[in-house]
Structures are given as C-alpha cells and as structure tokens.
Amino acid sequence: MKRISVIFILLFVFVICLTGCGKTEVNKEDETSANDILNNNKSVENEEDKNTEEKILVVYFSKTGENYNVGNVSVGNTAMMASYIKEYLNADSFEIVPVNKYPDNYNKATEVAKTEQRENARPAIKNKLENLDEYDTVFLGYPIWWGDLPMIVYTFMESYDFDNKTVIPFNTHEGSGISLTYDKIKNSLKNANVNTNGLALTGSKARTNEGKEETINWLKSL
C-alpha cells in the first residue's frame with residue numbers, strides 16, 4: 001500500500017512538472033510574438049515619421065556693401081532675415097550669388113538695378129542649386145529694388161521647377177513694403193503654392209533684435 005502511495009505521488013509530481021514546463025514555453029512564445037509586433041510597429045512609426053518630415057530651404061538674394069540707411073555691411077539686410085529663418089526652422093539655405101557683383105556704392109548699384117529692370121534682364125547666377133526637388137517648402141527672400149524683385153531673382157525662379165512646392169516670400173525694403181512682388185512671384189511660379197502671408201521689414205529693422213523677434217513670431221504664425 002505504501003508502495004502504491006509513493007508511486008502515485010511520484011506520478012502526480014511528474015504531471016505537475018510537465019504542465020509547468022509547457023506553460024513556460026507558451027509564455028516565452030507569446031512574449032516573443034509580442035516583442036515582434038512592438039518592434040514592427042516601431043519600424044512602421046519611424047518610417048512614417050521619415051515620410052512626413054518636411055524639408056525646408058531658405059533661398060535669398062542680398063546685397064553687401066553700402067545699403068540705404070545702414071551704411072557699409074558685410075552681411076546684407078535680407079541675409080539677416082534669412083539667417084533668422086534658417087536658425088529657427090533648422091532649415092538649409094542657398095544664397096543667390098551673381099556672376100557680376102553689384103557695386104558696393106549704393107548709387108551705382110541702384111543705377112545697375114534700374115538698367116536691368118528697364119531691359120528686363122536676367123543676370124547670370126554664379127552658383128547652382130543641385131537638389132531643389134528634395135524640398136517641400138521654399139522661403140524666398142529678396143530686397144525691393146525700384147518697386148520690384150531684383151532681376152536676378154527672376155533668373156533663379158525661371159531656372160528651376162517649383163511645381164507643387166510651397167513658396168513663402170520675405171523681403172526687405174525702405175518704404176515700399178512688398179510692392180507687387182507676390183503677384184509677380186505667382187506669375188513666375190504658376191504651379192507653385194505661393195503663400196501670400198509673407199513678411200517685409202525695413203533694412204535697418206532687419207538688423208536688430210526687434211527684427212529677429214518679429215521674424216520668429218511670423219514663423220510661428222504660419
């Protein structure tokens with residue numbers, strides 16, 4: 001009788017061990033499957049983040065040398081605005097550099113600008129933008145010259161494909177505001193989405209902390 005009891009106890013213990021081991025294996029398999037699902041979900045989320053990340057480019061033309069009401073400068077007024085946008089948005093930038101540099105002297109530069117405008121010239125650009133197609137949004141900066149965009153900015157707009165891109169203008173001026181430049185940008189970039197909620201600052205203001213703050217507040221409002 002004692003022998004039977006011992007055998008029965010041993011069988012009972014053996015069955016419990018088998019059951020426990022089976023449960024452990026199932027739990028490990030379940031845990032592995034759950035981890036796989038989580039990792040797959042993370043991969044999908046990361047891929048979605050990459051696909052929805054917007055690339056921004058700040059393009060600008062700016063004159064150095066003597067500028068109205070600010071004296072001789074090594075960084076132009078519009079370039080100052082461009083630097084605020086680039087820094088705040090962590091964007092890339094491209095400066096439109098002319099083959100023939102505009103005179104440092106203010107009066108001589110305005111005469112050249114007037115002649116180019118009268119002749120509807122397209123001044124040559126020294127550097128080339130190789131990867132515009134990578135960007136979704138382009139901030140386009142320029143000074144107002146004789147109530148218009150500098151002719152070299154037209155050269156730039158006509159040299160690249162802006163189809164389906166968002167273009168946001170910003171400019172410096174000395175009393176003319178935006179003039180009619182937004183309409184002219186729209187006419188030049190017919191298949192782009194031109195955001196007319198741009199920003200115009202006087203050249204002297206663009207060089208101050210006040211100008212920087214106004215530019216950042218404008219960016220926040222877009």
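Two strands pair if DSSP finds at least two bridges between them. With that in mind, welcome to a predicted model in which strand β5 (residues 137-143) and β6 run parallel and are joined by seven bridges. The largest pocket here has a volume of about 410 Å³, and β6 (166-173) is among the elements that give two or more residues to its lining. Below is a short tour, starting with the pockets and moving on to the strands around β6.

**The largest pocket**

- Its volume comes to about 410 Å³, and 21 residues line it, with Tyr68, Tyr106, Ile144, Trp145 and Glu174 the closest to its centre.
- Two or more lining residues come from each of β2 (65-67), α2 (77-89), α3 (106-118) and β6 (166-173).
- Helix α3 supplies the largest share of this lining, with four residues.

- One stretch of its lining is made up of Phe61, Ser62, Lys63 and Thr64.
- The lining also takes in Glu95, Ile96, Val97 and Pro98, together with Lys101 and Tyr102.
- Sorted by class, five of these lining residues are nonpolar, two are polar and three are charged.

**β6 and its burial**

- Is β6 largely enclosed or largely open, and why? Seven of its eight residues are buried, so the rest of the structure largely encloses this strand.
- Buried here means under 20% relative accessible area.

**Partners of β6**

- On the β5 side, the seven bridges link strands that run parallel, and Tyr142 has Asn171 of β6 as its bridge partner.
- β5 and β6 also belong to a right-handed β-α-β unit, whose helix is α4 (residues 151-159).
- Strand β7 (residues 193-194) runs parallel to β6 and is joined to it by two bridges; here Val167 is partnered with Val194 of β7.
- Strand β8 (residues 199-202) is also parallel to β6, with four bridges between them.
- Which residue of β8 is the bridge partner of His173? That partner is Thr202.

**To take away**

Methods
Residues numbered from 1 in each chain as written. Predicted model: local features only at pLDDT ≥ 70, side-chain atom pairs only at ≥ 80, totals over all residues. Heavy atoms only, no water. 1 Å grid on protein atoms, 1.4 Å probe; cavity = no way out; pocket = protein on both sides within 12 Å on 5 of 7 lines; lining within 4 Å. Points joined across faces, edges and corners; volume = space filled by probe spheres on them. Nonpolar A, V, L, I, M, F, W, Y, C, P; charged D, E, K, R; others polar. Buried < 20%, exposed > 50% of the residue type's maximum accessible area, 1.4 Å probe, protein only. Right-handed = clockwise from strand over helix to strand, strands pointing away.
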